[in-house]
Amino acid sequence: PFGGPCFPRDLRFANNLTSQDSSVRAFLNGIKRVNNDGILSIVKQIGDNHKVVGLLGMTYKPGVPILEESPSLDVARILEWEHKVLSYDPLIGGNVTLEECIARADILIEMHPNLVPKDVEKPVIRVWS
């Protein structure tokens, strides 16, 4: 999914400028749908047998301490309906430390590269490429 404040804000602005039956509006809604599908694809990988999820990397991109329009927040909001979510980010912290997140979580979602040590022996979903 895309993240950061600029593109989603521009997308909403452009959507407000187009007419209701516009092919441009359909295109813009398609972009939003693709982004939402990306977020849902992360959530669907969790499964029911993982009750505690560790979400590593909360800002919209590594090295930038901005949460606005972060895909991690969307993932956390959805997961919180059925799971306990532990979060950590090296720039802004979280609700637990990195060590606590790794120790207490049943599964880890690595939103930013290289946050999960290589010797961790639990399932890891790596979102970054």
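Colleague: Which element gives the most to the lining of the largest pocket?

Modeller: H2, with five residues. This is a predicted model, in which local features need pLDDT of at least 70 and side-chain atom pairs count only at pLDDT 80 or more, while totals for chains, interfaces and linings use all residues. Residues are numbered from 1 along each chain as its sequence is written, and side-chain values use heavy atoms, with hydrogens and water left out.

Colleague: What makes a space a pocket, and what makes a residue part of its lining?

Modeller: On a 1 Å grid over the protein atoms alone, a pocket is an open set of points with protein on both sides within 12 Å along at least five of seven lines, and a lining residue has an atom within 4 Å of a point. The largest pocket has a volume of about 320 Å³, the space filled by probe spheres set on the points, which are joined across faces, edges and corners. It is lined by 17 residues, and the closest to its centre are Phe2, Pro8, Arg12, Lys32 and Glu69. Helix H1 (6–17), H2 and H3 each give two or more residues to that lining.

Colleague: How many residues of each class are in the lining of the largest pocket?

Modeller: Seven are nonpolar, five polar and five charged. Ala, Val, Leu, Ile, Met, Phe, Trp, Tyr, Cys and Pro count as nonpolar, Asp, Glu, Lys and Arg as charged, and the others, Gly among them, as polar.

Colleague: Which residues are closest to the centre of the second largest pocket?

Modeller: That pocket has a volume of about 180 Å³. Of its 16 lining residues, Pro1, Tyr60, Pro71, Met111 and His112 are the closest to the centre. By class, its lining has nine nonpolar, six polar and one charged residues.

Colleague: Why are H2 and H3 called oblique to each other?

Modeller: The axes of H2 (residues 23–44) and H3 (residues 71–79) come within 10 Å and cross at roughly 50°. Angles under 35 degrees count as roughly parallel, over 145 as roughly antiparallel, 65 to 115 as roughly perpendicular, and the rest as oblique. H2 and H3 are therefore oblique.

Colleague: Which residues make the contact?

Modeller: Ile39, Leu40, Ile42 and Val43 of H2 meet Asp74, Val75, Ile78 and Leu79 of H3, contact meaning heavy atoms within 4.5 Å. By class, this contact has seven nonpolar, no polar and one charged residues.

Colleague: What elements does the protein have?

Modeller: Four helices and five strands, which are DSSP runs (H or I, at least four residues, for helices; E, at least two, for strands). From the N terminus on, they run α-α-β-α-β-β-α-β-β.

Definitions and conventions. Axes fitted to C-alpha atoms, helices over the stretch in contact; angles between N-to-C directions. 1 Å grid on protein atoms, 1.4 Å probe; cavity = no way out; pocket = protein on both sides within 12 Å on 5 of 7 lines; lining within 4 Å.
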